[in-house]
Structure formats: structure tokens, C-alpha cells
Amino acid sequence: MAGKDYYDTLGVTRDSSKEEIRKAYKKLAKKYHPDLNKDDSSAEKKFKEINEAAAILSDDTKRQQFDQYGSESFKQGGRSSANYSNFDFSSFGGNFDDIFDHLGDIFGGSFGGRSSQKRSQRRGHDLQAEIEITLDEVAKGTKKVLQIRKNEKCSDCEGKGGTGLESCSNCHGSGSIRDARRTPFGIFQTTSPCRTCAGSGEVIRNVCGGCKGNGMVKSEKKLEVDIPEGIENGSRLRLSDEGEAGYRGGPSGDLYVIVHVKPHEIFERHDEDIYLEVPISIVEASLGDKIEVPTLDGKASLKIPAGTQSETIFKMKGKGLPYLHSYGEGDQLVKVIVQTPEKLSKKQKKLVEELGKELGDKVEPSKSFFKKFF
Ligand SMILES: [Zn+2]
Ligand SMILES: [Zn+2]
């Protein structure tokens with residue numbers, strides 16, 4: 001077959017079901033989404049290919065066409081096959097879970113049910129909230145309760161705004177009013193939204209008392225937000241349909257939750273790795289020791305080998321944060337800082353001096369270092 005193999009692109013077979021194709025697409029789209037692969041230009045290309053393949057294979061007719069004639073058959077219509085970013089994913093069955101907003105463009109929440117939307121309806125506004133979590137919560141994932149004041153669907157009229165929807169007599173159902181004005185330059189015609197029906201072309205005969213006809217009432221809502229482990233500072237989670245209710249029963253907006261991660265007192269985050277500085281004594285560094293260090297999972301022991309230099313970094317495997325998009329964990333990196341004693345008693349001073357004599361040159365590394373050159 002000439003051209004591309006869309007099945008190959010999605011890693012599925014010719015007899016894969018729609019559901020299997022959808023799953024394969026979702027997985028790949030997450031992996032190659034340009035927002036998640038900012039430094040990788042090949043990811044964007046791959047992402048486009050995945051979208052193109054999904055657009056064809058999710059559509060029964062197109063899939064059949066592809067099976068018979070191959071990908072070349074789609075170019076004859078003169079339509080570019082590259083841009084499928086807006087194709088209708090509802091053909092996949094629509095309702096995806098709350099996934100990261102990175103995917104918002106392609107899985108956009110507003111496509112569902114648009115065709116059945118009445119003219120007087122409007123989609124509700126999106127809302128935004130912020131949540132602060134600790135690094136410990138990042139490590140294990142957490143749930144947070146948000147209290148949000150927003151417009152919710154009026155329960156008296158189920159969001160319809162009342163009963164008896166009829167065509168607006170003022171604008172004859174067009175939603176706009178034309179106005180012709182005679183001026184020295186000729187007749188100017190302007191069009192403005194009809195005030196009687198707010199541009200919708202429809203009016204409600206029996207307006208609902210609970211919401212005064214707009215189908216929404218202000219209320220306070222408690223929402224539990226699931227925050228996945230390994231989440232990055234500044235991430236934006238999308239909770240579909242948790243924004244404001246739509247006007248007169250229109251679809252709800254989405255709620256975006258921005259997650260801030262509080263800086264930790266001692267740990268520093270480097271992607272999935274945790275970085276920590278730990279002081280050790282000159283004795284521990286010289287003779288070696290087993291020390292206890294804090295981790296996100298409680299205390300753990302770390303072996304310091306004899307003769308450890310200051311600022312050596314030890315890796316504690318798997319003690320970092322879980323990866324957000326795959327299995328496994330990062331590491332904890334421990335930088336040991338050898339502390340030189342600041343105040344010595346007479347006896348201690350004597351002992352160090354003795355040690356110095358015993359070590360000879362070794363006590364002054366600069367001497368042995370420069371010996372190589374001079
Ligand atoms: Zn009107
Ligand atoms: Zn109402």
C-alpha cells in the first residue's frame with residue numbers, strides 16, 4: 001500500500017476495535033503532545049501524525065476508504081490532511097475523563113451536544129481556582145476540597161428558565177434588529193441584537209421565579225479534587241463541566257485548578273529528583289559512618305564511605321518523586337557538607353596538631369598538589 005499506514009502510526013492492527021483505537025490514540029497523544037515535549041520538535045510532527053491517523057480511523061467511512069485505497073485517497077479532495085486538530089472527537093464516544101488540560105485543545109469539553117444546543121442557550125463560563133499543596137502531598141498524591149461559589153443550574157426549571165419557549169415577536173425570531181438610517185451619505189443599515197430576547201430569537205412565556213429566566217442560581221459548592229502524585233508546580237487540572245452553569249440550560253463551563261507546590265524547608269525538587277544537603281563531621285567523613293537522612297518517606301540510612309570529600313553527592317535510588325506520566329520514581333540526591341570544627345578546646349587542638357604531624361603533607365593538600373608543578 002502506498003502512503004502512510006495509519007494503523008502503524010497508532011500501533012494498532014487492522015481489526016482493532018474503535019475502543020482500542022481510541023485508547024491507543026489517547027495514550028500516544030498524551031506522550032507526544034507538544035506542550036509536554038517543548039524541547040523535542042519531532043514530538044510535534046509525531047503528534048500531528050497521530051491526530052491524522054485518529055481522524056481517519058475513528059470515522060467508519062474514512063476508515064473503510066483507507067482500508068481500500070490507502071492514505072493517498074484522502075489528498076484528492078484538495079483538503080490538507082495535516083490539520084486535524086479540530087476534528088470531532090465525539091465520534092469516539094465523546095466523554096473522556098478529566099485529563100490534563102494539556103489535552104484540552106483536542107478533547108475540548110464543548111464539542112459534545114453542540115448540535116442539540118438551542119439558540120437561546122449559552123455555554124457557562126470557565127472558572128479558575130488555585131490550590132497549594134506540599135511536597136509530601138506531591139509524593140503520595142492527595143485530595144483537596146475546594147469551596148466554590150458559582151452559578152449552578154436552577155433546580156426549579158431544570159435550567160430551562162421557565163416553560164413555553166416561543167419565537168420572539170419583536171425580532172420575528174431572528175435575534176437581531178435592523179435599523180436603516182438616512183444620512184447625507186446614503187442609507188446606513190445597522191444590525192443590533194434584539195433587546196427583548198437578548199439576541200436569542202426566543203422568549204419564555206412563563207418565566208421561572210427561581211432564576212428569573214436565565215436558568216442559573218448562585219450557590220456554594222464543595223468539590224473534591226484529585227491531585228495525582230508527581231504533579232508539577234504550576235500544573236493546571238481541568239474538571240469538565242464544573243465551571244458555571246450555562247445560560248438557559250446550555251452546557252456548563254469547565255473548572256481549571258492551578259496547583260502550586262509549596263517550597264519545602266529542606267528538600268529541593270529537581271523534576272522527579274529530590275535534592276538535599278546534609279552536614280557531616282570531619283570524623284564521619286574520614287572514618288566512614290552510617291547516617292540517618294530524612295526522605296519524603298521518613299528516615300532512611302545512608303552509608304558514608306571512609307575518606308569522603310565534602311560536597312560529594314550520594315544517590316539514594318527510588319527515594320524521589322513518582323513520575324507523573326509513567327511508572328517509577330526519581331532519586332534522592334544527598335550532598336554531604338563536611339563541617340570543620342570551629343572552636344576547639346586545648347586538648348582537641350593538640351590532638352588535631354598531632355594528627356597533622358602524623359599525616360605530614362596530606363594535611364595540607366595544597367602542598368602535595370603544587371608539588372606536581374614546581
Ligand atoms: Zn427578539
Ligand atoms: Zn429557574
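## Burial and overall composition

Buried residues, those with 20 or more other C-beta atoms within 10 Å of their own, make up 25% of the 374 residues in the protein chain. A residue with 12 or fewer such neighbours is exposed, one in between is partly exposed, and C-beta atoms are placed from the backbone. The chain holds nine helices and 15 strands; these are DSSP runs numbered from the N terminus, with helices being H or I of at least four residues and strands E of at least two. Of the contacts with a separation of 6 or more, 65% involve residues 24 or more positions apart, a contact being two residues whose C-beta atoms, placed from the backbone, lie within 7 Å.

This is a predicted model, in which local features need pLDDT of at least 70 and side-chain atom pairs count only at pLDDT 80 or more, while totals for chains, interfaces and linings use all residues. Residues are numbered from 1 along each chain as its sequence is written, and chains are lettered from A and ligands numbered from 1 in the order in which they are written.

Helix α3 covers residues 41-57. Its 17 residues should span 24 Å at 1.5 Å a residue, and the end C-alpha atoms are 25 Å apart, which agrees; the expected span is 1.5 Å times one less than the number of residues. Buried residues in α3 include Phe47, Ile50 and Leu57. The buried residues of α3 pack against α1 (6-10), α2 (18-32) and α4 (60-69).

Helix α8 (residues 346-359) has 14 residues and reaches 20 Å from first to last C-alpha, close to the expected 20 Å. The count of buried residues in α8 is zero. Just after α8, Gly360 takes a positive phi of about 65°.

## The three-stranded sheet

Three strands form an open sheet in the order β1-β9-β8, with mixed pairing. β1 (127-133) and β8 (235-239) are at the edges with a single partner strand each, so one side of each has no neighbour in the sheet. Strands pair if DSSP finds at least two bridges between them; β8 and β9 (residues 255-261) are antiparallel over five bridges.

## Val338 in β15

Val338 lies in strand β15 (residues 332-339). Val338 counts as partly exposed because it has 18 C-beta neighbours inside 10 Å. Leaving aside residues up to four places away in sequence, Val338 touches Ile280, Ile282, Ala285 and Ser310. Thr308 is 30 residues from Val338 in sequence and 8.6 Å from it in space, C-alpha to C-alpha.
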